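Biologist: I am new to this structure and would be grateful for a close look at a single part. Please describe the side of one chain where it meets its partner.

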Amino acid sequence: MIDNFSFDLMKAVPLDLVPAFRQEAADPRFLGTDKETIVTVKGNRKPLHGAEVILFLSGPGDLRERLEKRTDSKGRVRFEYASFFEVLGVIASPYGGFWPKMERGGGYKIGVNCPPLPDDGPNGWWHRIMETLYDQRNGMSSNEVRIKVGVIDSGCGPHPSLKEVTDCGAIIEGTELANQGEGLDSGSHGTHVCGIIGGRPAAGCIGGIAPAADLYSVRVFPDNGGANQGDIADAIDLLSNDHSVHLINMSLGASQGSQIERDAIVDALERGTLCICAAANSASEVEFPAAFPETVAVSALGKLGMVPTDSFPAIPSDPDLFGDNQIYAANFTCFGRQIICGGGGLA
Amino acid sequence: MSEYLIAVKRHKRDSAPPNWEEMLSDIQGLILKNSGQSRRVRVDATPDAIDEARKRLSDSCHIEPVMHHHPM
């Protein structure tokens, strides 16, 4: 009889063999976090503070998870996760000075040693390809184009090569934050983007591709989490309307398109501001806003031999995917007919 | 409750009801979060409330769930 039947689920079906059918909606108390991995990130044998670490996990069936954290002052970060996950690998992206690095597999402890970035600036391979070279004697670039470029990202600086970027503050959850410091980088991405575009290089640093351009930076990423379409649209308005920028760079994206965002892009275009958008790094269809026809979608390019072989692997295995000057489209770059051009994504 | 963004469609700016934000404020289950601060209004709404908002304003307004973008 059923009411006399004693059934111990935990003994009959061990928990780690029960697939998590609704893991996303499951109460975390029932998932448990009884497994951990400690990742240590170093560069030149020294711990790297503030490196972004992504841990990739594989679970039962097609279950995949990614966890993101930053390293502490000892270059360490601790991840906790349910016991039915196995570690696929990690990607460590240092705050600066070192290449990102991927390590496959893992266990309780993973050590990542990031190779140093070249310090023989101000020219990189992409300057040579585009023939916009710095004169090593006087530090002046051959590219003297003076335009105004807006950057909508995680903020900018502080950085010695970006002292002249106009800080337009932040727009977070519909509120403009104009107090001093609000426009500073909440991570490192925006600083990297501003540097690639218009860095005026300090000694030994790589210079921007257009150092004579006037940059205007707006932070739309909060300290934690993604940027929403309303803040991005407000930032487009601010840069195009209030600062009359010629171009807006958006190295950000989402898998779905927002018509609110698209309206702002079209408004800006009518004012004479063109939005340049990254195609995305998910090796699939171009994401938004790059996929809108009113923007210029840019894929990520690399040059063979310029990226350490043990850095984040982006080099295609098919030799037919290499073009002139051994330039290739990175493995991770999104693809589609919306792509207008490529940029130095592995710069 | 989920978060949504509502903004007048660009080709409807001349014809949208001037009191469109007020038309949202009396919907039960809908909370305006930043009315008057931006052209794009943020709301928290139940499924029924957002359905009511769509009935009233979808002709003149975009009504979208918040979409989070990531850096690339």
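Modeller: The following account concerns the side of chain B that touches chain A. The model is a predicted one. In it, 24 residues of chain B are in contact with 37 residues of chain A. Together the two chains bury about 2400 Å², and 48% of this lies on carbon and sulfur atoms. Of the area that chain B buries against chain A, 36% comes from B:Arg10, B:His69 and B:Met72, more than from any other three residues.

Polar and charged groups also meet here. Between chain B and chain A there are 22 residue pairs in polar contact, with both residues at pLDDT 80 or more, and the count of salt bridges is eight. One of these salt bridges links B:Arg40 to A:Asp234, whose closest N and O atoms are 2.6 Å apart. At least two residues of this side are supplied by each of strand 1 (2–8), strand 4 (61–65) and strand 5 of chain B. Strand 1 of chain B gives the most, with five residues. By type, the residues of the side of chain B that touches chain A comprise nine nonpolar, seven polar and eight charged.

Strand 5 of chain B also pairs with a strand of chain A: two bridges join it to strand 15 (residues 252–253) of chain A, and the two run antiparallel. Eight of the ten residues of helix 4 (residues 189–198) are buried, including A:Val193 and A:Ile197.

How values were computed: Residues are numbered from 1 along each chain as its sequence is written. Chains are lettered from A and ligands numbered from 1 in the order in which they are written. This is a predicted model: local features need pLDDT of at least 70, side-chain atom pairs count only at pLDDT 80 or more; totals for chains, interfaces and linings use all residues. Side-chain values use heavy atoms; hydrogens and water are left out. Buried means under 20% relative accessible area, exposed over 50%, partly exposed in between (1.4 Å probe, protein chains only). Helices (H or I, at least four residues) and strands (E, at least two) are DSSP runs, numbered from the N terminus. Contact means heavy atoms within 4.5 Å. Buried area is the accessible area (1.4 Å probe) that two parts lose on being put together, summed over both. A salt bridge is a side-chain nitrogen of Lys or Arg within 4 Å of a carboxyl oxygen of Asp or Glu. A polar contact is a pair of N or O atoms within 3.5 Å; within protein, one must be able to donate a hydrogen and the other to accept it, and residues adjacent in sequence count only if both atoms are side-chain atoms. Ala, Val, Leu, Ile, Met, Phe, Trp, Tyr, Cys and Pro count as nonpolar, Asp, Glu, Lys and Arg as charged, and the others, Gly among them, as polar. Two strands pair if DSSP finds at least two bridges between them.
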